[in-house]
Amino acid sequence: MSAQDSLAAPEVLVRQPAAEPEPSLVVASQWRLMWWRFRRHRMALAGGVVILLLYLVALFAEFLAPYDPEATSVQYTFAPPQVVHVYMVGAYVFGYRSVVDPQALRRTFTVDESVGISVHLFARGPSYKLWGLIPMNVHVIGPEDASAPMYLLGSDRLGRDVLSRIIYGTRVSMSIGLVGVALSLILGVLLGGISGYYGGAIDTAIQRVIEFLRSIPTIPLWLGLAAALPASWSPLQVYFAITVILSLIGWTGLARVVGGRFLSLREEDFVMAARLDGSSQLRIIVRHMVPSFLSHIIASITLAIPAVILSETALSFLGLGLRPPVISWGVLLQEAQNIRSVATAPWLLAPGVAVVLAVLGLNFLGDGLRDAADPYG
Amino acid sequence: MVGFVARRILLMVPTVIAISVMTFAIMQLAPGDFLTSLVAGMASQGESVSQGAIDALRDRYGLGQPPHVQYLKWVSGIMLRGDFGQSFEWNRPVSSLIWDRMGFTLVLSLGTLTFTWVFAFLVGVYSAVRRYSIGDYVLSFLAFIGLAVPGFLIALVLLYVSAHFFNQSVGGLFSPEYVEAPWSLGKVVNLLQHLWIPIVIIGLSQAASLVRIMRANLLDELHKPYVVTARAKGLPEGRLLLKYPVRMAVNPFVSTVGWSLPALVSGEAVVAIVLSLPTTGPLLVRALQSKDMYLAGSFILLLSTLTVIGTLISDVMLAWLDPRIRYQ
C-alpha cells in the first residue's frame, strides 16, 4: 500500500493501544485489516458464501443440472415437483399418475406413491460437453433408470425440467450483472474521475448529464431502446445490446461515488506531496489516488450488480429483454406471466427464488464490504 | 424563494427539450415508419388507402424529410395542436388513447409516493430511536426483503395466493360491475378498495431504501451535542425528537424522494402489467412490441416530463424545509 497507510495505522494504535489487543495489528496490511473488519459482519459473510455458490453453479451448470434444459417431454407437461425420500441405502422419488380432466380435457399429474424411482448421486444421464470441451455423461443427481421421470422442481408447459433450466439460467443472469457493471464502471470511473479531478465547467457539464439521465424513468427508456433492437439479431448480440442499455443508466451512480471521492482526495496532503515530488498526473492518479479508493469502488460495484440483475429480470419478464432460446431467470419467469399458468403450475415461480437469493446475497455482501472498506473508521 | 422556484423552472426547460430529443431518437430507432405499417395493415384488411390521404399524412408528419424537420413537426404538433400523432395499431389519434391512462397513472403514482413517504418516515424514525430492538430487526429484515424481491414477483405471488386460497381475483382497478359505469361515490370506493394493493406492492421496494436512509441519517444526528443540550434543559423526549434531529435528518430524505420518482414510474409499469391495471405501463409495452412508435413515444415523453415536474416539486419542498438551499 501507499505511504500514507503505513503512517496512519500506527497512529491509530498509539492513540488507543488498549482498545485493540491483537498484537499483529501493528504490522497488518490494509487489506488484512479490511478482512478482519469484514469477518465480523456475519450476514455479509453468509451473503458472500451464497454468491460464491451461485457462481460455482453457473460454472458447473452442465454437471449439476440433471437434464438438458431444452429437452422436452410430451409425456410429462406441467408435472408437479417431487420430493426426494432418503432411506438407509439410497434415495427415491415417487412416480406420476396422469389423470385426464374430462371437463377441461386437460391432463394433470398427481404423485403416484405406489411407484418408486430410485435416485443416485453421480448418476449417468444424458451426455453433454463440460464447457463445450470435455464429453461427459455423469450428473450430480439423476434417476437410476435414465428414462424414468425425475422433476425435482416440476416441469413446464413443454415438459422441460425447471430445475435444470434454473441452473442453466444462473449463467446468463449472474454474468449479465458482472458484464453490465463492468461497462458502467468503465464509464463511471472515466467520467466521474474526469469530473472530480478537473472540476469547474467540465464537472458541471457531466453533473448535468447525470442529473438528466437520472430524471428519466428507466423502464420506459429501456423498453423503448430494447424494442428498437432488430429481431434478426443473434442471441449473443441481443445479450450485449441489453447490457449496454442497462449500463447506460447504471454508470451515473458509480460516477457520483467516484467523482465525490476524487474531489476529496485531490485536497489530501499526500497528493500534494506527490505533485511536489514531480510525479506525472497519470502516476498520481494510478499510483496514489486509485489505491486509496479502490475498496470503496469494489463495495459500490457489489451493490450495483443486484440492480442490473433485477433490471434484466424485469425486461426479460416483459418479453423485451433476452429472448428464448437464451435462458435467464427473467426469461423463465415469463412462463409464469399470466394468472392461469401461476394457478395451475405455481412451481414456475421458482426462478424468482433464485433472483431473490442472488439479490439479497449481493446486497449483504456489498453492505459488509462497504463497512470494511474503511478499516480505520 | 420566488427567485429560487423561477430559476428551477428555467432549468427544467432544457431538460424537457433534451427528453423530447431523446424520445424522438428512440422513435426513429425502430425499423420502418408508421405510415408504411398503416398502409400494410389496412391493405391486409382489404381496405385501400387513397394516395391523397397518404400524401396528406406524409406531409403532416414530415415523413421522408430529414430528421430535424420531422422532429420539429412532431414537437410543434404537440405544443401547438396537442397532436401526438397517429396510433396505427388502434387507428386513432394518440391523444384520444393516453389521457385516461395518464390519469390513473398519476393517481397511482401519487398514492404510492404518499404511502412510501409516510411508511418510510415512521419506520425509519422508529428503527433509529429503538436501535437494535426486536422491532428494528424485524423491520430491517422486511426492508431488505422489499429491496430484493422484484415488485412483479410479489404481485404474482399475491395473484396466486388470492386465486388459490381465497378464490378471488385481485387484478384491475375496478370490480367488473364498475368498469363501464359512470363515476359515482360507489365507483370511487371500489377504486380505493383495489388501489391499495398495487400501491403497497410498488411502494414497498421504494420504501425499503428510504427507510435505510432515514435510519442512518437520524442515527448520525441523535448523538450530536445539541440533542444532549435539549435533553438537559428538560424538553420532553417526543418534542425534542421531532423538533431537532428529525428536522435535520428529513432533509436528505426529501432530496432522495426526488430521485425515487423515476423508479416509482418504472415499478408501476411492470406491476401494472401483472395486475392488468388500466395505467400507462401495459399500453406502453404493447405499443413497443407492435412498434406503434407514436403511441410509445408519447408515453415515454409524458412519463419523463411528469418525473421532471415531480423532481421540481421535491426540490421546492427541500428549499422550503432548508433555508440554506434557497439562498445559495
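This is a predicted model: local features need pLDDT of at least 70, side-chain atom pairs count only at pLDDT 80 or more; totals for chains, interfaces and linings use all residues.

Biologist: Why does Ala227(A) count as buried?

Modeller: A residue is buried if 20 or more other C-beta atoms, placed from the backbone, lie within 10 Å of its own, exposed if 12 or fewer, and partly exposed in between. Ala227(A) has 21 C-beta neighbours inside 10 Å and therefore counts as buried. Its place is in helix H7 (residues 218-227) of chain A; helices (H or I, at least four residues) and strands (E, at least two) are DSSP runs numbered from the N terminus. Of the 377 residues of chain A, 38% count as buried.

Biologist: Why are H13(A) and H6(B) called oblique to each other?

Modeller: Helix H13 (residues 350-372) of chain A and H6(B) pack at an angle of about 120°, with their axes 9 Å apart. Axes are lines fitted to C-alpha atoms, for helices over the stretch in contact, and angles run from 0 to 180 degrees between N-to-C directions. Angles under 35 degrees count as roughly parallel, over 145 as roughly antiparallel, 65 to 115 as roughly perpendicular and the rest as oblique. H13(A) and H6(B) are therefore oblique.

Biologist: Which residues make that contact?

Modeller: H13(A) contributes Val356(A), Val359(A), Leu360(A) and Asn363(A), and H6(B) contributes Phe144(B), Leu147(B) and Ala148(B). Two residues are in contact if their C-beta atoms, placed from the backbone, lie within 7 Å.

Biologist: How many residues does chain B bring into contact with chain A?

Modeller: There are 40 residues of chain B in contact with 34 residues of chain A. On the side of chain B that touches chain A, 32 residues are nonpolar, seven polar and one charged. Ala, Val, Leu, Ile, Met, Phe, Trp, Tyr, Cys and Pro count as nonpolar, Asp, Glu, Lys and Arg as charged, and the others, Gly among them, as polar.

Biologist: What makes a nonpolar core?

Modeller: Such a core is a set of buried Ala, Val, Leu, Ile, Met, Phe, Trp, Tyr and Cys residues joined through C-beta atoms within 7 Å. The largest has 151 residues, and Phe152(B) is among those that touch the most other members. Helix H10 (residues 281-317) of chain A gives the largest share of this core, 14 residues.

Terms used. Residues are numbered from 1 along each chain as its sequence is written. Chains are lettered from A and ligands numbered from 1 in the order in which they are written.
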